[in-house]
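Colleague: I'm new to this one and would like a close look at a single part. Could you show it to me before we start?

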Amino acid sequence: MSLGLSERGLVPVLAPEARSIAEDVRAGRRAAVEVLEEHLERIERLDPMLGAFVHLDTGGARRIALAIDREVARGGDPGPLAGLPLGVKELEAVEGWPLTFASTLFAGNVARFTSTQVARARAAGAVPVGLTASPELGAASFTASRLHGVTRSPWDTRRTPGGSSGGSAAAVAAGLVPLATGSDSAGSLRIPASFCGLVGFKGTYGRVPRGPGFVGSPNLRNYGALTRTVRDTARFLDCVVGPDEHDPLSLPHPGTRYEQAIDDVELAGCRVAWTQDLGFGVCDPDVARCVREAATALVRESELDEREVEVALPDPAAAFAVLMLPDLHAALACFFPDDDGIVPDDLRSSFEAAGRIGVADLAQAHAARHALVEALATLFASVDLLLLPTTATPPFAAEGPMPSVIAGQPVDGLRSVGLTYPFNLSGHPALSVPAGLVDGLPVG
């Protein structure tokens, strides 16, 4: 892995696939300790410019890497992720590590358990090295917090890597780690993937279990990883999917290996449709043009069958806002009514709005969600895949704010991520892959 230093930031020039590193470690061609030290050196050298990591456990990582090398020396197999340094989004628990949710409200909190996703990745040979940055409580599509400051894109340090899994995206894009975990309640895996030229996959709801100890965003939050290639994402998924007793909504194992499916699935003739706005959103014209060109190339090279289908989904913004608020209210309730200014104004406003939600509001939100699911069921009766931009804009300023105007139209924070959050409501799988550059910056 080498990095070229441009006038604007660190641009990845060459990066080996995570799976090739893991295969070298499994075969004894490389030592996990050597792989770890190379990545720790990059973190020390480059992360001060990026702010991707907010906590490092170098001692723990070195012990795990050494144990992997000893297992290989005995003739054992550490697993498909053998020796891969792993960043963990700070909203996700690792026993003994800080669990602050990127908020001064929870400064000093320490995790008493490890999330299922991290535990399974660790069992497959991954080497957790530290926590990656998130915006406070994961509530923004850029990554900055009062607790940790601003996280910056390796492509242009004046720009955001996205959010809320922005620290993970910056770390992977800069080669600080070959893969990192993330979560996605409204696009928080896919937006950073788009802004950093990576792969971000939100699986079908329940595909990656949320437990143990999970509280919040029922039926909305999904776990996954940010990687540099689709194959790396597939390998990671193969290691972490399957039911978990801690999560009653987790899905059974899919019964196939994702990595193998990449070679086995026949794409020719697969029916696809294109939309730049889902029928209710808005998209920057340069982004739409770039992604449309990539979609056209995909259709041509994969021999897909593009159908002329009108995509006009009902706008689910109001429903999403209502369904997200109760969890925020629960998270902040312990700070009221004794709040003496410790709760930020935006969170206080959201807390108060959540307190005003009534039974009728919840009923209407669930009805709107059902209408969205029905509309998508009708759409997917006629096509197999939907191609669209991941983000409505190119990467914006690292410090924020989120866009308030797109293509000349005013938008609020939720509608600025209007191409991602509908699929959290519907539960459909959604994948962001690199589509090209707009003004020298990635879009998906």
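Is strand 4 (residues 85-89) mostly covered or mostly open, and how many of its residues are buried?

Modeller: Before the answer, a word on the model. This is a predicted model, where local features need pLDDT of at least 70, side-chain atom pairs count only at pLDDT 80 or more, and totals for chains, interfaces and linings use all residues. Residues are numbered from 1 along each chain as its sequence is written, and side-chain values use heavy atoms, with hydrogens and water left out.

Now, strand 4 is mostly covered, with 5 of its 5 residues buried. Buried means under 20% relative accessible area, using a 1.4 Å probe and protein chains only; strands are DSSP runs of E, at least two residues, and helices are runs of H or I, at least four, numbered from the N terminus. P85, G87 and K89 point one way, while L86 and V88 point the other way.

What about the neighbours? Strands pair if DSSP finds at least two bridges between them. Strand 4 runs parallel to strand 5 (residues 127-132), joined by 5 bridges, and G87 stands opposite G130 there. To get from strand 4 to strand 5, the chain passes through helix 4 (residues 116-123), a right-handed β-α-β crossover; right-handed means that, with the strands pointing away from the viewer, the path from the first strand over the helix to the second runs clockwise. Strand 8 (residues 179-184) is also parallel to strand 4, with 2 bridges, and L86 has L179 as its bridge partner there.

Conventions: Buried means under 20% relative accessible area, exposed over 50%, partly exposed in between (1.4 Å probe, protein chains only).
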